[in-house]
Amino acid sequence: MKRNATKRGMVMIALAAALAAAPAGCADGGEGAAGPPPGGTAPNGGAGSGRNGQDAAAGATDSRPVTLKVQVNSTGKDFEHTEVYDEIKRLTGVTMDLETYDEQKFKVELAGGDLPDIIQVPNKNIKELIEGNNILPLDELVRTHGPDIGQPALVPSLDYIRRFWSDGTNKLYMVPVQVGETGFGFEQQVGLNLRWDYYKELGYPAIRSIEDMVGVIAEMTAMHPTTADGKKVYGVGMWNDWGLWGLRSIGLVTGNNTYDVRTGRLVNDYADPDSGIWDTARFLFLAQRKGILDPDAFTAKYNDVVAKASQGTLISSFATWPFEPVNAELLKQGPDKGFVTIPLDWGFTNAGGSTVAGWSDRAWAISRNCKDPERAMELIDFLVSDRGSRLIASGIQGTHWDYVDGMPRMKAETVKLAAEGGDEWKRTGIGMFANQQGFTDQAKTSDGGVVSLFETPDVYAAKINSLNADYDRHYGVAYPAEAYKRLAEQGKVKTLDHVPQDILNAMPPKPDDIIRIQAKLDELLVKGMPAVVLGSANETAFAANKAALIAQLNEAGAGTYFAWFQSAFEEAKARLAETPPAKTAK
């Protein structure tokens, strides 16, 4: 349901990307519903300060309208044209002029001392942001303008950030997002996504290897070689504007990225021939040999892949996001038409887990250029509060959800809208700002509910569309993600519960020489992988080309980089086990 490739898709969304970056996705609310219980605190250690209702002052002490430039991760400017955005503006008085993070642009802004008012911090840049006085220390601003940030539920996260994300100053420079436990949700967004009606047409073949993946996709493509308007259909594509996401994507299914969940060990994924990067290479090579690899596979950007999916010229991916727009249209053509995540009874699924730090590469910071730091802090305070998190994840009280018998409940019409998808659903903005909310969807709130009111059994039952129902019947589950959840409970599939996220997030910043080595390794991979995949006429040639590129990576310092990574991991593990130091005096 989440738009813009959010949630479990994009930090741990990209387990591989997260590891590589490690430091451097029914009750009717009804009318006349009762309001929340007055006062009180969050039950069972839940998120919340006890201030209920979205029309509370949002922590603000100044209601003057102000416009702030806000740089966000994995959220587009189209969020500005939604109901949730308008409500944030109404409640805080802040108009967010959004700018989506772009690494090259960020480098230019940082070098020129021209950062936006508010940013989400890439972990690899923490050291230079602090040492260069590019972001403000926040302890005093939190005390005076961040009452929700100071609530008990966030204290461990703030302490963690002072210890590990402060360049040794033990000061607070950032405010976390996505703090708390996570679960499977309604559907599993990361995994092997295929056209369900085509998969059904083949008789639900078992998929137990990379070869099986390619074989099934090739059969689908052979049975449906062109679109209705005559365009050639390709089975396999990839986007290339999310760093090495594409080249590490199969690791999100097999589980053998930098941290191999199958063995519980770190892996030199650049040079280890059995790593997730090289599994992806083999997947692409096999697709090329079958004639089903998109010619644009090594140049396409994410939006290109979305367009291809919408045109019907691409029929697989390792995430649901590119197919969300077209799924709404496909449902109109038949009850079982659309893309789904196929649950594999082996490997890894990108769900579950928790982290004290919240999501890396997304913690909020205020730049030294900020025209109004107090209002910036008030905006951040609202966004990370349980009320702001609820608004982002569930929409507007009275419009999208309301209280029934004192408990928050999603409105039936909102659930129906979410199941249908399309432009009307996108206009709500629900879920589009998920990379910016303070608490996870499953975190408990001060009114006794959870952040996302979609994450309840009654809503799961109500939002099932005909595609979901057909899928559920085949796997014998109540909702789509339960298929993967059951495999995890049976011990057949690993999850983020098996990944030491807080250790990875606590690793020290990469020194300059390691940064240069990693940049060179990434460059070699991006430039060399097309030759390995497209320039190999058979298995012998593929093995030789693969070995040649690995040799180049080793020569460029893959072993040195991995030795640093191992040492930094062990250092962070040891520090995390230590008693935290006392907070420095203001």
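**Entry 1: helix H23**

I began with packing: the buried residues of H23 sit against helix H11 (276-290), helix H22 (512-534) and helix H24 (558-577). A reminder to myself that this is a predicted model.

Next I checked the extent of H23. The helix runs over residues 539-555, 17 residues in total, and spans 24 Å from its first C-alpha to its last, close to the 24 Å expected at 1.5 Å a residue.

Which residues of H23 are buried? I found Phe542, Lys546, Leu549, Ile550 and Leu553. Looking down the axis of H23, I saw its buried residues fall within an arc of 105°, so they line one face of the helix. On the other side of H23 I noted Thr540 and Glu555, which are exposed.

**Entry 2: the two ends of H23**

At the start of H23, I picked out asparagine 538: one of its side-chain oxygens comes to within 3.2 Å of the backbone nitrogen of threonine 540. Just after H23, I came to glycine 557, which has a positive phi of about 110°.

**Entry 3: lysine 308**

I then moved to lysine 308, which lies in helix H12 (residues 302-311). Is lysine 308 buried or exposed? Its relative accessible area is 15%, and under 20% counts as buried, so lysine 308 is buried.

What does the side chain of lysine 308 make polar contacts with? I found the side chain of aspartate 294 at 3.1 Å and the side chain of aspartate 296 at 2.9 Å. Leaving out residues up to four places away in sequence, I listed Asp294, Asp296, Thr313 and Leu314 as the residues that lysine 308 touches.

Methods: Residues numbered from 1 in each chain as written. Predicted model: local features only at pLDDT ≥ 70, side-chain atom pairs only at ≥ 80, totals over all residues. Heavy atoms only, no water. Helix = DSSP H or I, 4+ residues; strand = E, 2+ residues; numbered from the N terminus. Expected span 1.5 Å × (residues − 1). Buried < 20%, exposed > 50% of the residue type's maximum accessible area, 1.4 Å probe, protein only. Arc of directions from axis to C-beta. Contact = heavy atoms within 4.5 Å. Polar contact = N/O pair within 3.5 Å; in protein donor to acceptor, adjacent residues only side chain to side chain.
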